[in-house]
Amino acid sequence: MARLLEIEEKELLTIWLADKVLDTVEGEDEVKRDAVIYAQREIEAGVG
């Protein structure tokens, strides 16, 4: 798929994963920003 779209596989995976995250937090207006920040901190800490 990446070759067909002429983009790097990592970029395609990143876009796909970001879309899944956005779908997951859709409608959670009060907490979605905090949830994403929390997830980012966990990733940076090497958790998950």
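Buried means under 20% relative accessible area, exposed over 50%, and partly exposed in between, with a 1.4 Å probe and protein chains only. This is a predicted model, in which local features need pLDDT of at least 70, side-chain atom pairs count only at pLDDT 80 or more, and totals for chains, interfaces and linings use all residues. Residues are numbered from 1 along each chain as its sequence is written, and side-chain values use heavy atoms, with hydrogens and water left out.

Lys32 lies in helix 3. Helices (H or I, at least four residues) and strands (E, at least two) are DSSP runs, numbered from the N terminus. Lys32 is partly exposed because its relative accessible area is 32%. Its partner is Asp29, and the closest N and O atoms of this salt bridge are 3.3 Å apart. A salt bridge here is a side-chain nitrogen of Lys or Arg within 4 Å of a carboxyl oxygen of Asp or Glu. The structure holds 1 such bridge. Asp29 has 59% relative accessibility, so Asp29 counts as exposed. Lys32 and Val21 are 11 residues apart in sequence, and their C-alpha atoms are 9.8 Å apart in space.

**View B. The largest pocket.**
The volume of the largest pocket is about 200 Å³. Pockets are found on a 1 Å grid over the protein atoms alone: a pocket is an open set of points with protein on both sides within 12 Å along at least five of seven lines, where a cavity is a set in which a 1.4 Å probe fits but cannot get out. Lining residues have an atom within 4 Å of a point. Grid points are joined across faces, edges and corners, and a volume is the space filled by probe spheres set on the points. Val21, Val25, Ala35, Val36, Ala39, Gln40 and Ile43 line the largest pocket. Helix 2 and helix 3 (32-44) each supply at least two residues of this lining. Helix 3 gives the most, with 5 residues. By class, the lining has 6 nonpolar, 1 polar and no charged residues. Ala, Val, Leu, Ile, Met, Phe, Trp, Tyr, Cys and Pro count as nonpolar, Asp, Glu, Lys and Arg as charged, and the others, Gly among them, as polar.

**View C. Helix 2 and the residue Gly27.**
Helix 2 has 17 residues, which should span 24 Å at 1.5 Å a residue; its end C-alpha atoms are 25 Å apart, which agrees. The expected span is 1.5 Å times one less than the number of residues. Gly27 follows helix 2 and has a positive phi, near 85°.

Leu4 sits in helix 1. Its relative accessible area is 70%, so Leu4 is exposed. Glu6 belongs to the loop between helix 1 (2-5) and helix 2 (9-25). Its phi is positive, about 55°, although Glu6 is not a glycine. Glu6 counts as exposed because its relative accessibility is 72%.

**View E. The whole chain, for context.**
The protein has 3 helices and 0 strands. Along the sequence the pattern is α-α-α. The C-alpha trace spans about 40 × 30 × 10 Å along its principal axes. Of the 48 residues, 4% count as buried. The protein exposes about 4800 Å², and carbon and sulfur atoms supply 56% of it. Accessible areas come from the Shrake-Rupley method with a 1.4 Å probe; for residues, only the protein chains shown count as cover.
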